[in-house]
2 protein chains.
Amino acid sequence: MIATAELLGLAVLAKPKAAALCTQQKNRLLDAMAKALLMQSEEILAANAADLEAARGVIAPVMLDRLALTPQRVEAMAEGMRAVAALPDPVGRTLEESMLPNGLLLRKVRVPMGVVAIIYESRPNVTADAAALCLKSGNVCVLRGGKDAIRSNTAIVAALHAGLEGCGAPKTLVNLVEDTGRGSAVELMEARGRVDLLIPRGGKGLIRACVDNAKVPCIETGTGICHVYVDAAAEPQKALAIVDNAKTSRPSVCNAAEVCLVHREIAEAFLPLLAERMAEKNVELRLCPRAARYIAGTPAGPDDFDTEFLDYILAVKIVDSVEQAVRHIAAHSTGHSEAIITEDSAAAELFCAAVDSAAVYVNASTRFTDGGEFGLGCEMGISTQKLGARGPMGLAELTSYKYILRGDGQIR
Amino acid sequence: MIATAELLGLAVLAKPKAAALCTQQKNRLLDAMAKALLMQSEEILAANAADLEAARGVIAPVMLDRLALTPQRVEAMAEGMRAVAALPDPVGRTLEESMLPNGLLLRKVRVPMGVVAIIYESRPNVTADAAALCLKSGNVCVLRGGKDAIRSNTAIVAALHAGLEGCGAPKTLVNLVEDTGRGSAVELMEARGRVDLLIPRGGKGLIRACVDNAKVPCIETGTGICHVYVDAAAEPQKALAIVDNAKTSRPSVCNAAEVCLVHREIAEAFLPLLAERMAEKNVELRLCPRAARYIAGTPAGPDDFDTEFLDYILAVKIVDSVEQAVRHIAAHSTGHSEAIITEDSAAAELFCAAVDSAAVYVNASTRFTDGGEFGLGCEMGISTQKLGARGPMGLAELTSYKYILRGDGQIR
């Protein structure tokens, strides 16, 4: 087993190689890695079967499903690699250019971050996705997956390495941390000067541990307590369709809604419609006392407006105004995605200006917060912080910039 | 004395007020604060005299100089406020706009960070500068200066508050932490969900403590081990002028050079010129063994190529190639600013592409890395990290963005 410190050393050495790859080279490597995944599909599936065998009875069924690979899922990983190859290369783009008064020619140029470390949990497809996104953005990745998926991840990375080496590229462009103990995660969090960016992908506990302990720049991702606010001037059927979609189309994801705020003037008309629709979809309602006057449901407990349920549960609260909705969101949201449903453009303007979240919607579902939907072509996660990337992170969000200044002897 | 937690609470409440100020309002507040600084100049100078009195014999003379205010320095603070008022407002700018295939209109808009906390040391002018930059970028600032400057900072902030309140604006737009003990700094570093961005400004120890302990997004600033590489194809007089300027024009600042790398082919011709010029300027040379064959100086110790001297000391090393210069920089630089002096455009290209620092110069002094010089008009510090702002941080670098999406019932 290679020690994590040694692996990090190799990753740092590979940085200039990754940064120097031209677009064509990167696309060729992505294509070769995709082919190698398909070629080694059997080995990957066998390793995954061993992971599943070891995990059965140990982890929850929903986690087992996330861990499981099928021939179709391996094909989807390869397809994902090719999709990343088709995206424009963000590296090398001139972001700004100017001639300073002293004759210095200043260029601000997009460059890779360097070494990007990703700490994730049981889904082995993250291994291939993250490797592809990092390579295309000129970064060296250090992948630290979960214990349950180590055999699958090892087999996937073996295939990616075969793809790289088949093209004469060093396998240290993609690095898998073999040690899945807590110590290796801490080592990545503390690798100052070696890890340029740390991205945790997974549950709240993992993200919290990274944000709290990281001594390297870290992006907080993914937790979403998303709100849909049904304004007094909402069109009820539109509101109903959006709340339904935001809650039930995929409750386990971060852009699903957890809370519905309803203006008191529309409560009497809207809440019975909502209760009926949610009952059809087997959604449990957690109601504030005022909402409980109109419809039946569980009384909301003290934490119900601060919980990412990721389940068929919706907290419902009546508010007196769009301002109160904004204040509730400021106090309880994780800054991911919020929506207002209204036909009143002044209310919509106020909501858009005042809500401080990565994505703010007018008359649309929060479920659209996604790199693919936003036209980024792909996604490394959704940032809920404001330093660096915010919202969906595509290729450009995995880069930095530098200033290049050309002179002819200028001194100050 | 107001508790830091309470102050942070007030700052969070002021966020929407700061974000909602229009450009004209912000400029009016800056002008009023500038006037108030001048009006209360006597009180500020008296408070500063008390600070100086208390600090004399306790802190080093150079620190006393940084702490000292004069009528001219107070005027310069007021002038700085007006200069910030004259800069363009970054907030509200549309960065991208597109119509998604499903009809959603997506706009990516620049927004303030929110609450920006600045931890700094003895220079009281930072108080006024940081307040101005934060206000113009729509942020609420929480200023935590050093113990030695607390009377001066309190008097400056009293003037700023008078300016704000004279215009009917809340004084909680600008907040000074009254407790200058270590505990209050730690409180800011750990204020998750309340501090959106933490910027340490000061010495290496302070910056290291913030980066290591922060649980909020933090920007590493300022430490500069900057290199000037004199290539084989350098024009010797140009190289000499640039090394001289980079080293001696202001040795105490972060963009001053600490290390001169010299290609072996030019060493015999260039080093005697360098030795002579540095002797004239009373610069001590710390020489690698090969350089010591050509000129006299102190033999470089084990740390001399990893030290930000901030003094009249220059470490000198002979390298065999531009590639070796790049590798030395990768191993020893802090990622601030590096320069190559050469008439060979291929060497310049290689250096610019391979050196991973915030600013890379061809035939110019590293001393230009500065918000004013780069045309940003001002500066909150120089970021040496790659997440978020890199290089000089002006107003735009104190902002984030959000996505606003307008639809007509879109669901996914």
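This is a predicted model: local features need pLDDT of at least 70, side-chain atom pairs count only at pLDDT 80 or more; totals for chains, interfaces and linings use all residues.
Local features need pLDDT of at least 70, side-chain atom pairs count only at pLDDT 80 or more, and totals for chains, interfaces and linings use all residues. Residues are numbered from 1 along each chain as its sequence is written, chains are lettered from A in the order in which they are written, and side-chain values use heavy atoms, with hydrogens and water left out.

In the interface, 69 residues of chain A contact 69 residues of chain B (contact: heavy atoms within 4.5 Å). The buried area is about 5700 Å² (accessible area, 1.4 Å probe, that two parts lose on being put together, summed over both). Carbon and sulfur atoms give 50% of it. On the chain A side, K386(A), L387(A) and R412(A) lose the most area to chain B, together 15% of what that side buries.

Polar pairing across the interface was also computed. There are 45 residue pairs in polar contact, both residues at pLDDT 80 or more (a pair of N or O atoms within 3.5 Å; within protein, one must be able to donate a hydrogen and the other to accept it, and residues adjacent in sequence count only if both atoms are side-chain atoms). β16(A) gives the most to the side of chain A that touches chain B, with eleven residues (strands are DSSP E runs of at least two residues, helices H or I runs of at least four, numbered from the N terminus). β13(A) pairs with β16 of chain B (residues 399-410) in the parallel sense, over five bridges (pairing needs at least two DSSP bridges). There, A359(A) stands opposite Y403(B).

The interface also holds 14 salt bridges (a side-chain nitrogen of Lys or Arg within 4 Å of a carboxyl oxygen of Asp or Glu). In one of them, R192(B) meets E220(A), with the closest N and O atoms 2.6 Å apart. A network of salt bridges links K15(A), D196(A), D356(B), K386(B) and R390(B).

Over all chains, the structure holds 52 salt bridges. Within chain A, D51(A) and R151(A) meet at 2.9 Å, N to O. D51(A) lies in helix α3 and R151(A) in helix α7, 100 residues apart. D51(A) is buried at 1% relative accessibility (buried: under 20%; exposed: over 50%; partly exposed: in between; 1.4 Å probe, protein chains only). R151(A) is partly exposed at 40%. E343(A) and K238(A) also form a salt bridge, at 2.9 Å. E343(A) lies in the loop between β12 and α13 and K238(A) in helix α10, so the pair ties together parts 105 residues apart in sequence.
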